[in-house]
Amino acid sequence: MLTLKFIQENKETVIERLKVKRFDAAAVVENIIELDNNRKSTQSEVDQQQSEMNSLSKEIGMLFKQGKAEEANVAKSKTAELKENIKSLNTKLNEINTQLDAELVKLPNIPHPTVPEGNSDEDNQVEKTCDANIPELGEGKLPHWELIKKYDIIDFELGTKIAGAGFPVYKGKGARLQRALINFFLDEGQKAGYNEVLPPILVNEASGFGTGQLPDKEGMMYHATADNLYLIPTAEVPVTNIYRDEVVKEEDLPLKTMAYTPCFRREAGSWGAHVRGLNRLHQFDKVEIVQISHPDKSYEALDGMVAHVENLVNKLGLPYRLLRLCGGDISFTSALTFDFEVFSAAQERWLEVSSVSNFENYQANRLKCRYKGKDMKKPELAHTLNGSALAVPRILAAILENNQTADGIKIPEVLVPYTGFDMIN
RNA sequence: GGAGAGAUGGCAGAGUGGUCGAAUGCGGUAGUCUUGAAAACUAUUGUACUGCAAGGUACCGGGGGUUCGAAUCCCUCUCUCUCCGCCA
């Protein structure tokens, strides 16, 4: 969330900038400022009365020690009213704080100045298109959901039997290729300086709140109610929460962490032609990269992450394009997001395979993730970033479709050391 | 799942219901000494809110209560450890 200080000092900017996100912030901002002012004055009233109470109590203590019980009892009688006041003021203060928190959570992150205007994904700005290697597939081309049947490498019906729609069973070379991609992504991440972790894939409420999935986007996650835990929709949640309530040393920045995890999304929306095959699943595998960055360096870090993802897609020989998300499509918590899409040549569609975002201090403020340098008096909020590097199933779909030949599916060269085979046939 | 013990500052570890935001040790920072380092010595060293400042207030796992006054007493929740059971 935005910091109170920032909202107080930049009221007009907040309202103005959030219009790019198609968010009318005026009422919320006004409300926040009023609540905050109210909070301050109430707090100082409480402090003052409490201060009186404290000195009175001390006095009573002294009097009792000196054996002046009578005087002490006189002083005692004076405390009742104070006590009552303090109690009711505190109740009021709690109410204000609850309301203030509720309002603060309503404001999305301020978009970066380079975020283009726009209402939907159709208005995203294409930064770069690299389509030289879109293959000519000819008449017999098959979409990946046909290919996986033909070669018997993924079984959707079996997954449906075991769990439900959207939970595929990868089989044989399909399973092997999936694992190859994960290992390839992790090895490349390692080379780029990311530290690998294998985090929990169930998280508690505090973690969900820290990265912004809760309280609003509760519906996207599977909820294990008996223990009040959530299945992660992305490794961003457990990995970023490593740094919740932490103060890291300035000289250790940037902290670069990555994790492979399965991801779970309820996606309680449409389930039709557009989401066939691997295009959208309830469970899928992903390698996620996360950085905790110095505020002055976070856009440099974002560029580095984009370059890393681009490198991965290039090595796999997939046609891709890079999008700068417009105000209407960028997420609630992000300041600037780049999406990578690969071209899936039989569906003749661009598929989103990565989303790389800078959250600036928006998540950090929720997480209380701060850094401190030697010459700093107080710790300051760090910046957080994350990106998929990469989401596996759609990459798999593109590989299957783009690399299909009459003899079978050709495995990209960089993956062969990982798969141990170079054709699926 | 059953039984018991515990949770105090970066860490270790005291703490009688009343000058306790909290002894002491270690660590950190600055300085003295030294050619330099170590050692020793001296000082300093939590966080948040609020205020121009002086200061004020809150925080001893979380929440509630008793009391003029709670780290200390009571209730409750969470977590950790030990033992038992179950188990990859």
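At what angle do the axes of helix H7 and helix H12 cross? Before getting there, a word on what you're looking at: this is a predicted model, where local features need pLDDT of at least 70, side-chain atom pairs count only at pLDDT 80 or more, and totals for chains, interfaces and linings use all residues. Residues are numbered from 1 along each chain as its sequence is written, and side-chain values use heavy atoms, with hydrogens and water left out.

Let's start with the overall layout. Chain A splits into domain 1 (4-104) and domain 2 (121-424), with bounds taken from an automatic or database domain assignment. Their C-alpha centres sit 44 Å apart.

Now for the helices. H7 covers residues 173-191 and H12 covers residues 392-402; their axes come within 10 Å and cross at roughly 115°. Helices here are DSSP runs of H or I with at least four residues, strands are runs of E with at least two, and both are numbered from the N terminus. Axes are lines fitted to C-alpha atoms, for helices over the stretch in contact, with angles running from 0 to 180 degrees between N-to-C directions. On the H7 side, Leu177, Gln178, Leu181, Ile182 and Phe185 meet Val392, Ile395, Leu396 and Ile399 of H12, contact meaning heavy atoms within 4.5 Å. By class, that makes eight nonpolar residues, one polar and no charged ones.

Finally, there's an open sheet of three strands in the order E8-E14-E15, with mixed pairing; strands pair if DSSP finds at least two bridges between them. E8 (247-249) and E15 (380-381) are the edge strands, each pairing on one side only. Strand E14 (residues 370-372) runs antiparallel to E15, joined by two bridges, and arginine 370 stands opposite leucine 381 in E15.

Definitions and conventions:
Chains are lettered from A and ligands numbered from 1 in the order in which they are written. Ala, Val, Leu, Ile, Met, Phe, Trp, Tyr, Cys and Pro count as nonpolar, Asp, Glu, Lys and Arg as charged, and the others, Gly among them, as polar.
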